[in-house]
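Here is a short briefing to read alongside the model. Keep the sequence and the 3D view open as you go.

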Amino acid sequence: MSIFAQAVQRQGYTVREAHLEWTIQSTARPVVVIGAGPAGLMTANLLQRADVPCVVLERGTREYIETRPRAGMLEDRSARMLERHGLADRLLTESDTHTACEFRIDGKAHELNYSELSDGRTHFVYPQQEVVTDLLGQYLAGGGDIRFEVSDVELHDHLDEIPSVSWTSSGGTREQLDCSFIAGCDGFHGVSRKSIPAGAVKEFTHQHGIGWLSILAEAPPSTEKVIYALHADGFAGHMLRSSTVSRFYLQVPVGENVDNWPDEKVWTELHKRLALRDSDWTLTEGKIIEKRVLDMRSHVVEPMRYGRLYLLGDAAHIITPMGGKGMNLALNDAEVFADAIASYYNHKSTAGLDDYSAVCLRRVWRAQEFSQWMVDLVHRNEQPFLSRLGHARLQHLIQSREAAASFAQMYVGAN
Ligand code: RFL
């Protein structure tokens, strides 16, 4: 008999724990997951595997979430997590693994083999939309309940034993569902975080004072390794996505208008900032399919819960794309949360739910520190003194095996 069925059978039985109090009856209600990105779909799959009923509400269409390009690199740890839960079949057969990155300083290349320095761990180059496609496919194959194209989602009674969520369905009907818990996985701009009353949680924000022009192009990679280039005019990055698509970044002033960057200027600037001296390396151009300006910022919500609402992924924290941590943190939150819920359903223990925020935040703050450190490492700073410090730090990273090993562990997600 499933845990769900057992819970239904035991309706009315009261469980009292140190920090939470509710009747087991509430476990017969589903967990409502808001948002079908990596955090939401990972949560939904893990709850499904633990026989915990759940309903996913997604604002976009299936096509939208399966084609939305964002992250491209999975840490070793995340890939192993997906594998552990039987969710990595396509990832392990179709992704490229990467073992090294390259820093270009004033036209000279310096390779850093992070795999050698982290017991052979690798990155998996596997675009976020593929992760989402796989997670959605598995969830649906298991009979999962997901509602696409919902709008006007509202959260009610977060602090009560029976919270609920209401929304307008794709057909225009207003619906409402009582639930046991709400997993807010709807990103930074979603409704979950905003539904928490002002002052009920702490929010930490940092503007890094740096803008990025982010470009996605139908251009085969011109490199086998991610390139971080420091140039007098600012940072340029060449990221890997697939054999036909690459992502590039150019440091630009904060608040830069994307209209100031016609395609021709983008390529001229990338050629210049990524150029190597004394080398015949060239950059392959392609059709630009996405161009947007990102202002580098970080944000953390503490604690990552309010009553029976738990925040996961970008809803709880955003981090600069530098270091490639955002999607990996989202997957980690999902595993910690789903474990806690399964433990509540299976063992009537609230310990995991009580610890959820503290456990996730340890990793979140460590990642924020790493990302900030990398931002300082490779960007031109308006203050020449700080630019020189970044240079000194990078020289140390290149010359010291100990410094490189410490970077490698964090970069590849060794633990
Ligand atoms: P997502 O992926 O934003 O998914 C949220 C989902 O919620 C839906 N939604 C709603 N649904 C119902 N009602 C509402 N009111 C809703 N509001 C929103 C949305 O439609 C969407 O489907 O959040 P999640 O799951 O927390 O995942 C976080 C990651 O997407 C994010 O951290 C990464 O993309 C960050 N990131 C990277 N992370 C990495 O680990 N490695 C990388 O290489 C990497 N590269 C990147 C990145 C982010 C970037 N951008 C766009 C900021 C590169 C870029 C350019």
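Is aspartate 106 buried, partly exposed or exposed? At 43% relative accessibility, aspartate 106 counts as partly exposed, where buried means under 20% relative accessible area, exposed over 50%, and partly exposed in between (1.4 Å probe, protein chains only). You are looking at a predicted model, in which local features need pLDDT of at least 70 and side-chain atom pairs count only at pLDDT 80 or more, while totals for chains, interfaces and linings use all residues. Residues are numbered from 1 along each chain as its sequence is written, and side-chain values use heavy atoms, with hydrogens and water left out.

**Backbone points to check**
- Aspartate 106 sits in the loop between strand S7 (100–105) and strand S8 (108–113); helices (H or I, at least four residues) and strands (E, at least two) are DSSP runs, numbered from the N terminus.
- The phi of aspartate 106 is positive, near 50°.
- Lysine 348, in the loop between helix H9 (326–347) and H10, also has a positive phi, near 55°.
- With 26% relative accessibility, lysine 348 counts as partly exposed.
- Glutamate 302 and proline 303 are joined by a cis peptide bond, with omega about -10°, and proline 303 lies in the loop between strand S19 (287–302) and strand S20 (305–306).
- For background, most residues other than glycine have a negative phi, and most peptide bonds are trans.

**Around the ligand**
- The ligand is surrounded by 38 residues, and the closest are Ala39, Glu58, Gln128, Asp314 and Met327; a residue counts here if one of its heavy atoms lies within 4 Å of the molecule.
- Aspartate 314 places a polar side-chain atom 2.8 Å from an oxygen atom of the ligand.
- Glycine 324 has a backbone N or O atom 3.2 Å from an oxygen atom of the ligand.
- For methionine 73, a backbone N or O atom lies 3.5 Å from a nitrogen atom of the ligand.

- Histidine 123 belongs to strand S9 (residues 123–125) and is buried, with a relative accessible area of 1%.
- Its side chain makes a polar contact of 2.8 Å with the side chain of tyrosine 114; such a contact is a pair of N or O atoms within 3.5 Å, and within protein one must be able to donate a hydrogen and the other to accept it, with residues adjacent in sequence counting only if both atoms are side-chain atoms.
- A polar atom of the histidine 123 side chain also lies 3.1 Å from the backbone oxygen of tyrosine 411.
- Tyr411 is one of the buried residues of H12, which also include Phe407 and Met410.
- Helix H12 (residues 401–412) has twelve residues and reaches 16 Å from its first C-alpha to its last, close to the 16 Å expected at 1.5 Å a residue, that is, 1.5 Å times one less than its number of residues.
- After H12 comes glycine 413, with a positive phi near 75°.

**Helix H10**
- Leucine 353 lies in helix H10 and is buried, with a relative accessible area of 0%.
- Leucine 353 and proline 262 are 91 residues apart in sequence and 49 Å apart in space, C-alpha to C-alpha.
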